[in-house]
Amino acid sequence: MQRTLLNSIQISGNTFHNGEVSEVKISPLDINSGIMFSYRNTLIKACVENIGDISQNTTIIQSNGKSLLTIEHLMSALYAFGISNCLINIDGTNEVPLLDGSSAR
């Protein structure tokens, strides 16, 4: 059984590693799409093959070298809510905002 969102949601906040503001929009995607990240016109699928550095956070890397940092809290929240298909568009820096880590927003 697969799930997506009914509507898009937006969050923004400071990032952990560089302290810059990052804006994230999470939108529904069709069945069998998986969880996709979009950053600067590059799509990166959230899958094992795209995992990069995991020493201080979880980073995913596209074959063109673009990477996204600190996705682990957002991925955990999506898992907790059973979301299996969505598009996560990141605007600003290449890092997901830290927020409070609770996924209560």
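Leaving aside neighbours within four places in sequence, Ser-67 is in contact with Tyr-39, Ile-44, Thr-59, Ile-60, Ile-61 and Asn-94, contact being defined as heavy atoms within 4.5 Å. Ser-67 belongs to strand 6 (residues 67–68). Strands (E, at least two residues) and helices (H or I, at least four residues) are DSSP runs numbered from the N terminus. With a relative accessibility of 18%, Ser-67 counts as buried; buried means under 20% relative accessible area, exposed means over 50%, and partly exposed lies in between (1.4 Å probe, protein chains only). The model is a predicted one, in which local features need pLDDT of at least 70 and side-chain atom pairs count only at pLDDT 80 or more, whereas totals for chains, interfaces and linings use all residues. Residues are numbered from 1 along each chain as its sequence is written, and side-chain values use heavy atoms, with hydrogens and water left out.

Thr-70 is located in the loop between strand 6 and helix 1. This residue, Thr-70, is also buried, at 7% relative accessibility. The C-alpha atoms of Thr-70 and Gln-56 are 8.5 Å apart in space, and the two residues are 14 residues apart in sequence.

The chain contains one helix and seven strands, arranged along the sequence as β-β-β-β-β-β-α-β. Five strands form an open sheet of mixed pairing, in the order 1-2-7-3-4, where two strands pair if DSSP finds at least two bridges between them. At the edges are strand 1 (9–14) and strand 4 (42–45), each of which pairs on one side only. Neighbouring strands of this sheet are turned against each other by 20° on average, direction ignored. Axes here are lines fitted to C-alpha atoms, for helices over the stretch in contact, and angles run from 0 to 180 degrees between N-to-C directions. Strands of a sheet pair through backbone hydrogen bonds, either parallel or antiparallel. Strand 3 (residues 35–39) and strand 4 run antiparallel and are joined by four bridges. Tyr-39 has Thr-42 of strand 4 as its bridge partner, and Tyr-39 is also among the contacts of Ser-67. Helix 1 (residues 72–80) lies across strand 2 (21–28), strand 3 and strand 7 (86–92), and runs at about 145° to strand 3.

The structure holds zero disulfides, a disulfide being a pair of cysteine sulfur atoms within 2.5 Å. Cys-47 is in no disulfide, and the nearest cysteine sulfur, that of Cys-86, is 14 Å away. Cys-47 is partly exposed, at 22% relative accessibility, whereas Cys-86 is buried, with a relative accessible area of 0%.

The C-alpha trace spans about 35 × 30 × 25 Å along its principal axes. Of the 105 residues, 35% are buried. Among contacts between residues at least 6 apart in sequence, 59% join residues at least 24 apart. The accessible surface of the chain is about 6,400 Å², 51% of which belongs to carbon and sulfur atoms, as computed by the Shrake-Rupley method with a 1.4 Å probe.
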